[in-house]
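Reader: I have a structure to look at and I'm new to it. Can you walk me through how the helices pack?

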Amino acid sequence: MESLRQLFEQIFGTEWGSMLFILSTNVTFIFAIVVPLLLGVAYLTFAERKIIAYMQIRVGPNRVTFFGIPWLRGWGQPIADAVKALMKEIVIPTGANKFLFILAPILTIMPALAAWAVVPFSAELVLADINAGLLYILAMTSMGVYGVIIAGWASNSKYAFLGAMRSAAQVVSYELAMGFALVCVLMMSQSLNLGDIVKGQQGGNMLHWYLIPLFPMFLVYFISGVAETNRAPFDVAEGESEIVAGFHVDYSGMAFTVFFLAEYANMILVATLTALLFLGGWLPPIDIAPLNMIPGFIWLLLKIAFLLFFFLWFRATFPRYRYDQIMRLGWKVFIPITIVWIVVLGAIMQLPESIRNSFPLNLWF
């Protein structure tokens, strides 16, 4: 890397060469994040259809293939779906606000992609290692609700607007629970930097992961993430029998597909953050050979895949909750639990150091 920087400085001069080197490096890193993420989103839809089909004793996609290779039957399905979506016409309703109608899906997927700028994939591999990384992610992910509200309002449809209100209320409610759960992680790690949070879970084995002392917060955060992404059983925004598919009822073609992609991109983001905050990120379960010889990036991917499996499992298992049940769970169960856990954790942190260093509290701090 240093030799490449020197080459840029020789060609363009010291100042411009250094600027162009940093710019080209960042652009390359952005593509290295976004391209695999979009491929992951595409094949997460394929994995969902195959896994749920297996759970329901069906076959799932098994026709579209690559170049007729028999054992790749079905693997071309996401590509075929993308081509079909690109070729469909985007129909804008007559009374809709055209500018906001097009802007809404962009506002939905933009935060899901921008949040990855501060996500560390290993101890050294991160695009922007900023101290307030977790605060930045909270700010980015909170913007997604604007796309939902604008989509429902810009369509000039009562069904879409009702779906947008229901979805926005759900997202805001569970964001509060997620935020309180993250406060416990911040109290444990004493840092807003995602890399430092993962390093705070080092200790030679998984007993030092925040999953152990913060297990209720892990459940609250993960289930709230399922609700915030409008996934089953919290998909009231898509209650077909109630409000005709919710806030994106008037969308078609690629505009609808962007909403669809944003949902799956947010699923991957929630699974990644859960792995970083509670499951040790890139750390192996036990720091012994041969487990510690596997690259940290691989451990992170395995944890993300494990958590994403639960997203798919929930959809195949649970029926859709009623709207009042969802609100009751968020406001009367999750938020009180997180507040109580914050108080308990704060009380433990005020104990004398000799007591906190005794078992089992020494696993916490």
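Reader: Which way does helix 11 pass helix 12, in a right-handed or a left-handed crossing?

Author: Helix 11 goes past helix 12 in a right-handed crossing. Bear in mind that this is a predicted model.

Reader: At roughly what angle do the axes of helix 11 and helix 12 cross?

Author: The axes of helix 11 (residues 253–278) and helix 12 (residues 296–317) cross at roughly 125 degrees and come within 9 Å. Helix 11 is therefore oblique to helix 12.

Reader: Which residues in helix 11 and helix 12 meet?

Author: On the helix 11 side they include Y264, M267, I268 and A271, and on the helix 12 side they include L300, I304, L308 and F311. By class, the residues of this contact of helix 11 with helix 12 are 13 nonpolar, two polar and two charged.

Reader: Now the core. How many residues has the largest nonpolar core?

Author: The largest nonpolar core has 67 residues. W116, L194, L214, Y221, L277, F278 and L308 have the most contacts inside it.

Reader: Which helix gives the most to this core?

Author: Helix 11 does, with twelve residues. Others that supply at least two residues each include helix 2 (14–55), helix 9 (215–228) and helix 12.

Reader: What does L194 touch?

Author: Leaving out residues up to four places away in sequence, L194 touches V118, V119, P120, L134, I137, L273 and L277. There is also a second, separate core of 14 residues, with A104, A151, A164 and A255 among them.

Reader: Next, helix 6. Why is helix 6 said to be largely enclosed by the rest of the structure?

Author: Because eight of the eleven residues of helix 6 (residues 144–154) are buried. The buried residues are G144, V145, G147, V148, I150, A151, G152 and A154.

Reader: What do the buried residues of helix 6 pack against?

Author: They pack against helix 4 (98–114), helix 5, helix 7 and helix 11.

Reader: And what is there just after helix 6?

Author: N156, which takes a positive phi of about 60 degrees.

Reader: One more pair. At what angle do helix 7 and helix 13 pack?

Author: About 15 degrees, with the axes of helix 7 and helix 13 9 Å apart. Helix 7 is therefore roughly parallel to helix 13. The crossing of helix 7 and helix 13 is left-handed.

Reader: What residues does that contact have, by class?

Author: The contact of helix 7 with helix 13 has 23 nonpolar, five polar and one charged residues.

Definitions and conventions: Residues numbered from 1 in each chain as written. Predicted model: local features only at pLDDT ≥ 70, side-chain atom pairs only at ≥ 80, totals over all residues. Heavy atoms only, no water. Axes fitted to C-alpha atoms, helices over the stretch in contact; angles between N-to-C directions. Helix = DSSP H or I, 4+ residues; strand = E, 2+ residues; numbered from the N terminus. Parallel < 35°, antiparallel > 145°, perpendicular 65-115°, else oblique. Left-handed = near helix turned anticlockwise from the far one by under 90°. Contact = heavy atoms within 4.5 Å. Nonpolar A, V, L, I, M, F, W, Y, C, P; charged D, E, K, R; others polar. Core = buried A, V, L, I, M, F, W, Y, C linked by side-chain atoms within 4.5 Å. Buried < 20%, exposed > 50% of the residue type's maximum accessible area, 1.4 Å probe, protein only.
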